[in-house]
Amino acid sequence: MGGGPALGHRGAGSRMSAPEAGSLDVLRRESAVLVVVDLQEKLLPAIAERDRVLGNSLLLLRAARELELPVVLTTQYEKGLGPTMAEVLAEAPGVTPVDKVAFGCFGSEDFLARLAAMPDRDQILVAGIESHICVAQTVLGALGEGYQVHVATDAVGSRTPDDRQVGLRRMERAGAVLSSTEMAVYELLARSDGAAFKRLLPYLKDRV
């Protein structure tokens, strides 16, 4: 037999960078929780590209309903900053938002109780506002508790584009996987031959 390398083995001179932590982990419908942070009536109007943030968040909520993913909605000091947007509540029937005063959701006992009620869920998919404050602090808290965290970047916003980017960079450096709404939905669907895919396809084609 010849002395060349076996088929499928890389040559000694090849170099392949190691994947970043978590980047090989796809979202799984049996493991994921969707957390939508502070999409409130008095906060959203000030957000840059707010229509895109809201539209993609609504698509994630619609996908969560189709795939029977648990959803946690939050508000930041609802008494002062207003309730969750009506469109968001309509896409999450039966879900009562967790009101908090801590910026990060993991500073809320009520939020922790919601997660404790689903101990088999070890992935968190995050959307909402603001990227550099409540979203970032929530993501850091989730990572600190050992969750795999995916951030739907096109469903996350801040008042300024710069602050949004700073928040995303901080979360990625901390170990979050930066994703997109469509990427997340397709990972959760996993295949194209199910009824959920057929029902969601029109919405995926009509994204903001």
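Tyr77 sits in the loop that joins S2 to helix H2 (78-81). Its phi is positive, about 45 degrees, although Tyr77 is not a glycine. With a relative accessibility of 40%, Tyr77 counts as partly exposed, because that class runs between 20% and 50%. The model is a predicted one.

- Most residues other than glycine have a negative phi, and most peptide bonds are trans.
- Ala190 is not a glycine either, yet has a positive phi of about 75 degrees.
- Ala190 belongs to the loop between H7 and H8, and its relative accessible area of 66% makes it exposed.
- The peptide bond from Ile129 to Glu130 is cis, with omega near -15 degrees.
- Glu130 is part of the loop between S4 and H5.
- Gly146 follows H5 and has a positive phi, near 90 degrees.

**Overall layout**

- The protein chain contains eight helices and six strands.
- Their order from the N terminus is β-α-β-α-α-β-α-β-α-β-α-β-α-α.
- Of the 208 residues in the protein chain, 44% are buried.
- Among contacts with a separation of 6 or more, 78% are between residues 24 or more positions apart.

**Helix H5 and its contact with H6**

- The axes of helix H5 (residues 131-144) and helix H6 (residues 161-174) come within 9 Å and cross at roughly 5 degrees.
- The two helices are therefore roughly parallel, since angles under 35 degrees fall in that class.
- H5 contributes Ser131, His132, Val135, Ala136, Val139, Leu140 and Leu143 to the contact, and H6 contributes Asp163, Arg164, Gly167, Leu168, Arg170, Met171 and Ala174.
- By class, the residues of this contact are eight nonpolar, three polar and three charged.
- Buried residues of H5 are Ser131, Cys134, Val135, Ala136, Thr138, Val139, Gly141 and Ala142.
- The cover over those buried residues includes S1, S2, strand S3 (98-100), S4, S5 and H6.

**Contact of H1 with H7**

- The axes of H1 and H7 come within 10 Å, crossing at roughly 5 degrees.
- H1 and H7 are therefore roughly parallel to each other.
- On the H1 side the residues are Asn56, Leu59, Leu60, Ala63 and Leu67; they meet Thr181, Ala184, Val185, Leu188 and Leu189 in H7.
- This contact of H1 with H7 has eight nonpolar and two polar residues, and no charged ones.

**Nonpolar cores**

- In soluble globular proteins, nonpolar side chains tend to be buried together.
- The largest nonpolar core has 36 residues, of which Leu34, Leu60, Leu61, Leu73, Val88, Leu125 and Leu189 touch the most other members.
- At least two residues of this core come from each of strand S1 (32-37), helix H1 (50-67), strand S2 (71-76), strand S4 (123-129), strand S5 (148-157), helix H7 (181-189) and helix H8 (195-205).
- H1 gives the most to this core, with nine residues.
- Not counting residues up to four places away in sequence, Val88 touches Leu39, Leu54, Leu58, Leu61 and Leu73.
- Another core, of 24 residues, lies apart from the largest one and includes Val37, Val98, Val156 and Leu168.

How values were computed. Residues are numbered from 1 along each chain as its sequence is written. This is a predicted model: local features need pLDDT of at least 70, side-chain atom pairs count only at pLDDT 80 or more; totals for chains, interfaces and linings use all residues. Side-chain values use heavy atoms; hydrogens and water are left out. Axes are lines fitted to C-alpha atoms, for helices over the stretch in contact, and angles run from 0 to 180 degrees between N-to-C directions. Helices (H or I, at least four residues) and strands (E, at least two) are DSSP runs, numbered from the N terminus. Angles under 35 degrees count as roughly parallel, over 145 as roughly antiparallel, 65 to 115 as roughly perpendicular and the rest as oblique. Contact means heavy atoms within 4.5 Å. Ala, Val, Leu, Ile, Met, Phe, Trp, Tyr, Cys and Pro count as nonpolar, Asp, Glu, Lys and Arg as charged, and the others, Gly among them, as polar. Buried means under 20% relative accessible area, exposed over 50%, partly exposed in between (1.4 Å probe, protein chains only). A nonpolar core is a set of buried Ala, Val, Leu, Ile, Met, Phe, Trp, Tyr and Cys residues joined through side-chain atoms within 4.5 Å.
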